[in-house]
Each structure stands twice: as structure tokens, then as C-alpha cells.
Amino acid sequence: MPGRSRERRNRTLWFWIFVGPFVLGLTLFTYVPLAWSAYLSFFDAHNTVSPTRFVGLDNYTAMLRDDAFTGSLVTFLVFTAFIVPATYVLSLSLALMVNRLPRAQAFFRSVFFLPVACSYVVAALIWKMSIFNGVRFGLANTVLGWFGADQIAWLSTTDPPWYWLVIVTVRLWLQAGFYMVLFLAGLQRISPRLYEAAAVDGARPGWEVFRHITLPQLRATSVAVVLLLVVNAFQAFDEFYNLLADSRGYPPYARPPLVYLYYTALGQGQDLGLGSAGAVILALIIAVVTVVQARWFGLGRKED
Amino acid sequence: MSISRRRLLGTGGGLVLAGATATGCGSNTGRGGDGKGGKPVLSQWYHQYGEPGTEQAVKRYADAFDDARVEVQWRPGNYDQQTAAALLTKSGPDVFEVNGPTLDQIQGGQVVDLTDLLKEAKDDINPAVLAPKTYEGKIWAIPQVVDMQLLYYRRSMLEDAGVEPPRTLDALVDAAKKLTTKNVKGLFLGNDGGPGVLGGTPLNAAGLELVTDDGKVGFDDPAAARALGKLHQLYAEKSLLLGAPSDWSDPAAFTQGLTAMQWSGLWALPQVKTALGDDFGVLPFPQEGAQGKPAVPVGAYGAAVSARSEHKELAKAFVKWLWVEKTEYQEDFALTYGFHIPARISLAQKAAKLRQGAAGEAVRFATEHGHAEPLLWTPASKVAYQDALSRVIKGGANPESELRTVVRKTAAELRRVQNAQKKS
């Protein structure tokens, strides 16, 4: 049966031609750096990627004892506590409002979605330099000035921590539209018959219908949204860096893990061993959180 | 159909692959064997200078070098990080200017020993900026120009408020408070409130050092905590300008009248002069306590040679030619575009521009009160110190306990680098 074996060989060939480039790219740009980083984390790797001095778990203990690193994990927790509920509520409300519009739905959908296309860097710079700058002609301070209030240095004031307002609002503005679209898709999948049945059963429109029909029906969407929000919060870097860093470094507050590791490993410090150890710790935390979250929400369980 | 879709795709794929290889070879990395006319090619990196004309000037110098074709790369963005990353690979520069090199770069063997380039001219280089380029008696970069920072104050505003130019840290705190009105703040130390730009300067002004000459922590002293505590007062009394559209390195906040005093670089002097005429003066960071002395930070970008260069000897020859022998280029570079002090003492003394008025005073501050960041002050110590300083200034944290943590971390860092020295 020479024909069949040739066909099989052909198939294998084509499989690799199509899959090969992606496997190659993934290996080269994801798995190799990942493994290398894990390797570096066991070495004293100052200013080198081919270190020779093995230090065992020293980098890990140093990182876990470093209060700046543990502080950055707290920063991440605080940030998540702000941003996840805020985005969830805002994008769901936007979706509910847009979904009920009698006309111009497509227009408002686009309007709210547009910020998603804006880069984090650009938005962060606008927030920093024109809306929330600390002097009298910043937008926020101009508004405060109308009411006779003193100007506030939004990004430099630590007590009260006004910088959180800036950081959370920029991300909120950037990402709410995206999650709104996810919720809209979810809303449109809810069968109108359910609402009709609810009306027949005497459920009052508004909160009651929302609480007992809409929200439970959006369960799958909600789980996906929350998961994505948490993972995105973990990866927070761009807006923090662009809002708070200057040429001399980064302040010790509102410093999420990635920013801290960036300065440790890739700044002038170039302590790649220590930075890699931090990255591995962070990766483990993300993995554990995601698994626990998925279990808890029952992600991937069959919908009934 | 004799040509199947599959075969067509297969050929296409092959072509794409071939194309990729071709681009790979053709990409211009600025190095490789021979350039035009059989001359070797050197790649030289500069960070982006803000002053117009500088880029053209350095390219002109590079073109005048006979023994190699020098390709200048003008690199905007975070230059220190770019060079740090590039030095790990072979695609980096041969010759590069560096705000260092850092101790780890020297110990890691990433830069080449340039001691013999300065055999004759060593005594003519400003010793304050040469010291941090020297490690174990060897010189690792040739200082290009000296930069410094100082305090600018608006004469008219001080007169209106009845304030004398502050000569002590206490006087500075008082002056900043008196000068603060609803729309004008007393003092601008950067949008972070000072920790970034001040660094060790307040400690120097209190008569202390970051790292002593024999490699010990230099600020394990009650005077350090006292000095830092006074900086918190500036913040607590709301005398500091915060959140200005441009940071301390740009004199805009000062020239636009957002602040009565600003800490900035010597490079800002021409701009300040154009905007304010004679309505300004300059001061060093005022002294603190009886043991203290006024202080200004000085530093220099240096020209270094990468240890991964394929033409090390040639690169060294180029550095010697440009930054040691060609004094007319050095003078042009320091004084024609921006405003820097030439690293060569003989040139600095000759320059007419640096003799009168505020510039003359600045040069005097740099010579008499200049402190460069010690080489042993590694990034890890610096981050720990800056974090502590920020917590003291803005959070009102206890300076003594914050400094104790920094002293502990710095001592550990100093032990680490001194151990690495023994091994190498």
C-alpha cells in the first residue's frame, strides 16, 4: 500500500508546514525565554545571561524577604480590589443601557468601544499631563478651582492616595468598552421568553428582573469577564510606568510587581537572577490564582 | 490543473523562507567586517541630547576619523536600559557614551580598560568626575562633559517676599514657605517631591558621603536623619510644587512662574536667561548643620568601549582621538549646543562663556562643592535610598528608622561588590 503511506507522509508534511512556524515562534519567543528565566533564577546573574555562579535558592529567599517585592504584591491586590469591581459594574451598566436603546445602538456601542483602540501609553500621558496634572491649569484642578478648592497634585500626593484615582480611571476608561461588548453579546443571548415568563409570574421590571433573570443568565459571561480582568490586572505595567515613573526611577508607592521586577532586572541594576526569581514567583502566583478561580467559578463546567 | 494548490503554496512558502533569510543577512547592524573603501565599521551610540545641532556635530566629528567608518546612532528613549541590554549581545555598539559604567558592568567585564588612553592627559580631567569612572586604579570611561545641578531662584519674587537667598537648609525651608502663595509655590524639586533628583545631595550638604573612600556606608549618622527630616517639612508645609507638566530637568515651571525656586541642571541656564533676563540667581544646595557645606551634584557621561566589540583596539583609538586628542571638538561639543562644562580643566578655564555671571558661579560651585555619585553606590542601594527618601518626604516616615534600613541594605550591597572584586 505505497499510496496510503505516501498520503500519510504528505499529511505529516503539511501538518508541520502549517503548524511549524507557530511552534517555532512559540518555542523561540515564549518557552525558551521562560525556561531560561527559570534557569537564571538559580544563579548570580548580574549583567549576564550566561552566568556561572550557582546560588541555589538564594535569589528566591532574597526576593521573598524583600519588602519592596512583597509590597508590590499588596499594591497589586489593592489595584485588583479597585479595578475589577469597578470595571465589572461600569461595563455591565453600559451594556444594559446600550441594550435598551431604541435606536442608534450601533453608534453608542462604537462610541463606548472606541477607547479600547487607544494605547495605554497615550492615554496615560493624557491623564498625567492634561487631565490630572498638579498645577492650576490641569483639567481636574480647573474644575476644583470653580468651587474654590485648592489645587491637588494628583500623582504626587500620598495622603490621601489620590494617585489611585488617576490609575484606576485611566484603565477604566480604556477597558470598560471592551467588556461592555462581551456583556452585550451575553445579553443578546438571553431568550426574550424568559422575560415574558417573568412578567407573567409577576416579577416587577427593573431590579427584580435583573436580579433573578439577567444576572443568572449572564453567569458564563461574568466568569469570563472577571477572569480576564484579574489576569489583566496582574499584567499591569504600561499605565503605572507612564504615570508615575520619571528618569530617576519609580516612587515606592503604587508599584505593581512587573514594574518592580522591570527595574530590578532590566533597569540599570541588571540583576537578572533576582529578577527571574521574582518572575517565577509571580508566574506561580498567577497560575495558582487562575486555577483556584476557575475551580471556584466552575469554569468550563457544562452549562445547564 | 497540473499545478495543485498545495504545490503553489509550497513554492510560496519556500520563497517566503528564502526572503526571510535574505533580509536576515541584509539587516544593517552597523558592524560587520568592512565598510565602504575597505575601512572597518565602528558603531557609536549617544543618548538623545535635547539641544539642536548636537547630533549633526557628533556625526561631523565621526566622519573626520580616518581609520574607520564610524556610524553614529542617536538613541532616544531610556538610554541606560538600552545600552545595558545591548551589552549582553554582540549586536551592541563598539563605542558608546554611558552615564557610568556601573560597577556591575565593570566587574562583569562588559567594558574595556581605557587607562592607557589617558596616560598624558589624566591630570587635565576634572578629578571629581573621573573618580567614579575609576575602579581598582583603572579607568573605564573617558569623561566627555561635566553636568551639574543647582538651585535657581527668582530675584524679584524673593525681594517682594522679603526673603534673602537661602544659605542654610533651615533658611531654604523658611523661604519656600514664605514664597508660597495661592498660585505660585516656593520650591520645585521635581514632581516626586525631591527623592529622585536630590539623591545624596542633602547628605553631602550635611557633611556626609553616600559611600566613604574606603568603601563603607557614609551616612550612618544622626545628621543624615536630621537633614532628611527637614525635607519632609517642605512637603508638609505645602511649599513644594508637585505635578507640574514638565519635570525638574526642564526650567519651564520656573520660567512660567509656577515656582519661585527650582532645582535644575546647568543645561537649563541659557533657557532661563532668555526667559527671565537678569531676574534670577543661582545657589548650591544650602548647607545643613555646623558640619555641613553647600553641595552640588556633578556627573559626566563617559565614552566607553564594549568588551564585545570586534574592533576593540580600533574603538579605543577612536575614543582616544575624539575624547583625548581632539580638544577643539570637545570644546565645540560642550559649549556650542547645550551648556556643559568641558571635562578638561584647561578647556573649562579657557571658555569665556563660563566666566561671567551665573555661569561663572555655577562653575565655581562645581569645582568647590561638587560631589559625584560614588561608583560603589550601586543601583540596588540607590533604589533602597530613594524609596526611603520618598517615604520620609511624602509619607512623613521616621527618617531614623528608614535610614537604618537603607544602611543595612547598602552595607550588604557593599559586601557583595567587594566579594565579587576578590573573586575576579
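The model is predicted. In chain A, helix α7 (residues 163-189) packs against helix α10 (residues 219-234) and against helix α3 (residues 67-100). In chain B, ten of the ten residues of strand β10 (residues 296-305) are buried, as are seven of the seven residues of strand β8 (residues 259-265).

**Helix α7 with helix α10 in chain A**

- The axes of α7(A) and α10(A) come within 9 Å and cross at roughly 165 degrees.
- Angles over 145 degrees count as roughly antiparallel, and α7(A) and α10(A) are therefore roughly antiparallel to each other.
- The crossing of α7(A) and α10(A) is right-handed.
- From α7(A), the residues A:Y179, A:L182, A:F183 and A:G186 meet A:T221, A:A224 and A:V225 of α10(A).
- In this contact of α7(A) with α10(A), five residues are nonpolar, two are polar and none is charged.

**Helix α3 with helix α7 in chain A**

- Helix α3(A) and helix α7(A) pack at an angle of about 45 degrees, and their axes lie 7 Å apart.
- The two helices α3(A) and α7(A) are therefore oblique to each other.
- Their crossing, that of α3(A) and α7(A), is right-handed.
- The contact residues of α3(A) include A:F82, A:I83, A:A86, A:L90, A:L94 and A:V98, while those of α7(A) include A:W164, A:V168, A:L172, A:A176, A:Y179, A:F183 and A:L187.
- By class, the contact of α3(A) with α7(A) comprises 17 nonpolar residues, four polar and one charged.
- Residues A:Y179 and A:F183 of α7(A) are among those that meet α10(A), and A:Y179 and A:F183 are also among the residues in contact with α3(A).

- Strand β3 (residues 95-98) of chain B is joined to β10(B) by four bridges, and the two run antiparallel; here B:F96 stands opposite B:A304.
- Strand β6 (residues 142-154) of chain B pairs with β10(B) in the antiparallel sense over six bridges, with B:D147 opposite B:G299.
- Strand β12 (residues 370-372) of chain B pairs with β10(B) in the parallel sense over three bridges, with B:P297 opposite B:H371.

**Strand β8 in chain B and its partners**

- Five bridges pair β6(B) with β8(B) in the antiparallel sense, and B:L150 has B:S264 as its bridge partner in β8(B).
- Strand β7 (residues 185-188) of chain B pairs with β8(B) in the parallel sense over three bridges, and B:K185 has B:T259 as its bridge partner in β8(B).

**Contact between chains A and B**

- Chain B contributes 32 residues to the contact and chain A contributes 27 residues.
- On the side of chain B that touches chain A, at least two residues each come from α3 (79-86), α4 (103-107), α8 (195-198) and α17 (379-395) of chain B.
- Helix α17(B) supplies the largest share of that side, nine residues.
- The residues of the side of chain B that touches chain A divide into eleven nonpolar, 14 polar and seven charged.

How values were computed
Residues are numbered from 1 along each chain as its sequence is written. Chains are lettered from A and ligands numbered from 1 in the order in which they are written. This is a predicted model: local features need pLDDT of at least 70, side-chain atom pairs count only at pLDDT 80 or more; totals for chains, interfaces and linings use all residues. Axes are lines fitted to C-alpha atoms, for helices over the stretch in contact, and angles run from 0 to 180 degrees between N-to-C directions. Angles under 35 degrees count as roughly parallel, over 145 as roughly antiparallel, 65 to 115 as roughly perpendicular and the rest as oblique. A crossing is left-handed if the near helix is turned anticlockwise from the far one by less than a right angle, and right-handed if clockwise. Two residues are in contact if their C-beta atoms, placed from the backbone, lie within 7 Å. Ala, Val, Leu, Ile, Met, Phe, Trp, Tyr, Cys and Pro count as nonpolar, Asp, Glu, Lys and Arg as charged, and the others, Gly among them, as polar. A residue is buried if 20 or more other C-beta atoms lie within 10 Å of its own, exposed if 12 or fewer, and partly exposed in between; C-beta atoms are placed from the backbone. Two strands pair if DSSP finds at least two bridges between them.
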